[in-house]
Amino acid sequence: MKQVTKGQWGGYDTYILHSRELEVTLLPRLGNNVISLWDRKQNREILRKPEESDLSYYLQKPYHFGMPLLIPPGRIRQGQFQFEGKAYQFEQNTAGGHHIHGLHRTQAWCVSDIEEDEEGCAVTTEFNTEDDPRWMEQFPVPLKLEMTFRLQDNRFRQTLKITHQGTARVPFGIGYHTWFMIDGEPGRWKLQLPAENVYELNDELLTSGSLLPLGELEALNQGLGLRGINLDTVLRIGDQQPAEAVLTRDDGYVLRYSADQEYFRHWVVYTNGTADQYLCIEPYTWLPDGPNLGKDAAFTGIITLEPQQTLAVSSNLEVVSPEL
């Protein structure tokens, strides 16, 4: 069962990682997204999976499905910011004229390696930003991106390796906009996340640079019930706290979602209205609109890539079925 097979979605090749517990479907040629994570034991879809009839909508907003990668994540005021004297202008793609959710959308990645061994299986994909003229118009930085997806039993790991092939220091940030299904049963689920503060947002959902107390969201530290909640909230994780969200169903079924603690200090929780079918849990390295806040990197999480530097960051999902 520890193997990789090929399939099709919307006329595009998919790669499917198999274990006894899970099946993970990748869509490399349309943004390198994880579009399905099927729990074989529970016979349920863990992620919001796009149907093939959703193709046109997926092409417009691929970050509404699966585990999409955002480079960088969140909103940027008017799509503009400066870094070390250089001005950048990203596409203004919101109703308010701001930019949201980065330059990485439906670019085609190439599969460079497939591994199958006794412990698990893996697929590695690659994309060079120089191959995308729209990317280079907005962020003229030659980056080589490599993503390794590895499945081992009930554990799924994504490792993104970024190599900066340019000659100047540049700002960098990533996030994941992960859509977890809660099956129209929010009352059965709780979310635990070691949050320390809420980032204040203005009426355009841009961060102000101020930190607020958690208030009622203090319950996240023990487990917040999802019934009736309506959130689009940016949270700061304490420096000594693990970067880990735990989504638990009332029968003991657990989704444990974690990321590299050194980098992922900002997490967004988004319910798309009152929680019903899904809950987005979004680990970010870069605080939304971080470059415009006048704060240091310890606050914003902005990573400075040096010329020729290679950086690797990982995230993990562990699926634990209840004891029978």
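Visitor: What makes K86 count as lying over the face of Y88?

Guide: The rule asks that NZ of Lys or CZ of Arg be within 6 Å of the ring centre and within 35 degrees of the ring normal. K86 lies over the face of Y88, at 5.6 Å from the ring centre. This is a predicted model, where local features need pLDDT of at least 70 and side-chain atom pairs count only at pLDDT 80 or more, while totals for chains, interfaces and linings use all residues. Residues are numbered from 1 along each chain as its sequence is written, and side-chain values use heavy atoms, with hydrogens and water left out.

Visitor: Which ring does the charged end of R48 sit over?

Guide: That of W179, with the charged end 4.8 Å from the ring centre.

Visitor: Back to Y88: why is its pair with F139 called tilted?

Guide: Rings of Phe, Tyr and Trp (its six-membered ring) pair if their centres lie within 6.5 Å; planes under 30 degrees apart are stacked, over 60 edge-to-face, and the rest tilted. The centres of Y88 and F139 are 5.3 Å apart and the planes stand at 50°, so the pair is tilted. Y88 belongs to strand β9 and F139 to the loop between α2 and β13, 51 residues apart. Helices (H or I, at least four residues) and strands (E, at least two) are DSSP runs, numbered from the N terminus.

Visitor: Which aromatic cluster holds these two rings?

Guide: The one formed by F81, Y88, F90, F139 and W286.

Visitor: What makes the pair of Y58 and F65 tilted?

Guide: Here the centres are 6.0 Å apart and the planes are at 35°, so this pair is tilted too. The count of aromatic pairs comes to 17.

Visitor: How do you know whether Y58 is buried or exposed?

Guide: Buried means under 20% relative accessible area, exposed over 50%, and partly exposed in between (1.4 Å probe, protein chains only). Y58 has 0% relative accessibility, so Y58 is buried. F65 is at 3%, so F65 counts as buried as well. Y88 and F139 are both buried.

Visitor: How do you know that β18 and β23 pair?

Guide: Two strands pair if DSSP finds at least two bridges between them. Four bridges join β18 (residues 189–192) to β23 (residues 244–249), and the two run antiparallel. One of the partners in β23 is V246, which bridges to Q192.

Visitor: What is the order of strands in the open sheet?

Guide: Its nine strands follow the order β11-β12-β13-β14-β28-β24-β23-β18-β21, with antiparallel pairing. β11 and β21 are the edge strands, each pairing on one side only.
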